[in-house]
Amino acid sequence: MENSEGVKIESTVVTEEPLISALDIALFVVIITVAYFWYFKRDKQSSSSEKKPYTIQPSSLSSIEQTSNSSFIKKLKSTGRSLVVFYGSQTGTAEEFAGRIAKEGARYKMKGMVADPEECDMADLVEMKEIQKSLAIFCIATYGEGDPTDNAMDFYEWLQNGDADLEGLNYAVFGLGNKTYEHYNEIAIYIDQRLEELGATRVHEIGLGDDDANIEDDFVSWKEKLWESVCSHYGIEETGEESNIRQYKLVDCSDVLPERIFSGEISRLKSYENQRFPFDVKNPYLSKIAVNRELHKSGDRSCMHIEFDIDGSKMRYDTGDHVAVYPKNSSELVDKIGELLNADLDAVFSLLNTDEESSKKHPFPCPCTYRTALTYYLDITSNPRTHIMKELIEYASDPKDQEKLKLMASSTPEGKKEFHEWILRDNRNIVHILEDLPSVKPDLDHLCELLPRLQCRYYSISSSPKVYPKSIHITAVLVNYTTSTNRVNKGVATNLLAQLIPTNDELPQPTIPIYIRRSQFRLPPKSQTPIIMIGPGTGLAPFRGFIQERDYARKEGREIGEMVLYFGCRKKDEDFIYENELQEYVANGTLTKLHLAFSRDQPEKKYVTHLLEQNADELWNIIGEKSGHLYVCGDARSMAKDVHSIIVKVVMEKGQMTNSQALNYVKKMEQQKRYSADVWS
């Protein structure tokens, strides 16, 4: 009965059910609601963008723009160009070099364009052969531990994983690297070889620029020989002297409403007033300075412990990561430029790209005032490159100043020597040049076009998120030095940070834009793994975070492995930073051993490398017998190289290996992330 009634009931329900059930109606309402909000949001964003004609074009195109504009081949064909220069750039130098090459192409009847591989469909390289006398040039930087730059990553992976037929593609490669690092120009070398493997024709041999020496000289020398090879390969001749053609045109924006004018934001207008997560290189977080205290006990040098407040930002970091700080130039230097050029720094202007096909409409956020551009967007403290000398010639009214600029802009041995001595050795920036060559009076808008972008500064994070989830700590030495011309040059970021002192009253606390850059400098996954940390001076910074993290694990009751720290400074009573903290970690057992080298506390200088040589047994016990990890942080030019040599020697002697076997052993440690370096030159 129950079964028959059940069937009967089911039958009755079916026959009496309406065409559209309550569930169907509910689902329909949900779909309509979602569609409405999606359409409304899109329409609102579209309207908003239409109302803001003066905005910087982001360096990365949106997905829609990429679909329609990613074909660089179409751009080349539609504009009658035959030269495309791709760049892989992390700091802007490779992009600058690419622009200079593209501009010079006009001298050889090769109209050029600059392209970001991240914005292009690089598979279109197979179609380059369809363009007569075409040439692709790659200015590629190697970044980090032999990695491609962010914007060249997809292209690099495409070359690695693909097998495109690039026969008919003519190419040349210039690499940007630093010889103090192990993976010197590794990415450029790979791209140069891989393009040849895929059938492309190398028009000129690869150029390798060394930023530790004089990368400008390396680039100029390579570029001159490049054009000789290009002329030979294509059977063309140089058309004559290159004219200084402007890439951007000046637009008067005096009538633009104040709310449409950039005031220091990196990309999005009013981004510091309306902060939006996620925060990255184009959208930094405006962090309050929570703590800024002096670490040195005495002496004429300064080392700052600074804590950035990230509470409420949703930002997360890992021990060993870096924090990027966006600095600004001193008002004194900015005012000096205005004074030297007799310019109104508060005039509102914009620079608009004369190449309508370029995705980069402005060299920096526009419109803005000249004061804003010189303060937040332009690098006015570094040594200008030779192409700037060349562009300044036309603005020199004194023949002597003209000749000096012409000499430094030339590639003759005499010119290179003069540039090296007068610009590099004497550490002159653009302000010094304008002071010492008083007849040189460039148009301020042209100078803004020529100067490179002001870059953020990276610092190793010296805290653990387990202990300090709401703040990021850094350890920074104040940079001030006197040049041979008796001028005092000041580090842009550290001198700004030194002024940002939080107060105890209710006044607004000082702020600065930051974002987190991920790192491969990581503690072992297992807390029991023993580690050796070598970090003299501010090289201690990431290890402070390492120790905090292990101490946190110990307090939670977890087993932690041996932690051995090698730290060195000049004098114990002067610059032994975090002394009390370190001694406390030794006392509670978190830090197993603390080896200290105070270089100037005795007649003969003593460094951490001396201590490493004395403790060969301990080193081998941890890295050889216990498969521990070794970390190095600090100066790449000498300290890190010396440490590497000592480790190889220890492995040879204690591991009873040949030199070749020891080198392979250390190489394997690096591949297994058991030997990690976070170094700078």
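This is a predicted model: local features need pLDDT of at least 70, side-chain atom pairs count only at pLDDT 80 or more; totals for chains, interfaces and linings use all residues.
Close-up A. Val 467 sits in the loop that runs between strand 14 (457–460) and strand 15 (471–477). With a relative accessibility of 35%, Val 467 counts as partly exposed, since that class covers the range between 20% and 50%.

**Close-up B. Arg 301, one of the positions UniProt lists under "binding site".** The listing comes from an unreviewed entry, and it also includes Thr 538, Ser 599, Arg 600 and Lys 605. Look for Arg 301 in the loop between strand 9 (285–294) and strand 10 (303–309). Leaving aside residues up to four places away in sequence, Arg 301 touches Glu 294, His 296, Arg 570 and Asp 575. How accessible is Arg 301? It's partly exposed, at 28% relative accessible area.

**Close-up C. Thr 609, another position from that UniProt "binding site" list.** Thr 609 is part of helix 20, which spans residues 608–614. Is Thr 609 buried or exposed? Its relative accessible area is 14%, so it goes down as buried, the cut-off being under 20%. Skipping residues up to four places away in sequence, its contacts are Asp 642, Val 643 and Ile 646. Of these, Asp 642 is itself named in the UniProt record's list.

**Close-up D. Two cis peptide bonds, Phe 277 to Pro 278 and Cys 366 to Pro 367.** For the Phe 277–Pro 278 bond, omega comes out at about 5 degrees. Pro 278 belongs to the loop between strand 8 (248–252) and strand 9. For Cys 366–Pro 367, omega is about 0 degrees. Pro 367 is in the loop linking strand 12 (348–353) and strand 13 (368–369).

**Close-up E. Asn 486, a non-glycine residue with positive phi.** The phi angle here is about 65 degrees. You'll find Asn 486 in the loop between strand 16 (480–482) and strand 17 (488–490). Asn 486 counts as exposed because its relative accessibility is 68%, and the exposed class starts over 50%.

**Close-up F. Tyr 578, also a non-glycine with positive phi.** Phi is about 55 degrees for Tyr 578. Tyr 578 has a relative accessible area of 7%, so it is classed as buried.

Terms used:
Residues are numbered from 1 along each chain as its sequence is written. Side-chain values use heavy atoms; hydrogens and water are left out. UniProt positions are given in the numbering used here, feature names are shortened, and annotations may be inferred rather than shown by experiment. Helices (H or I, at least four residues) and strands (E, at least two) are DSSP runs, numbered from the N terminus. Buried means under 20% relative accessible area, exposed over 50%, partly exposed in between (1.4 Å probe, protein chains only). Contact means heavy atoms within 4.5 Å.
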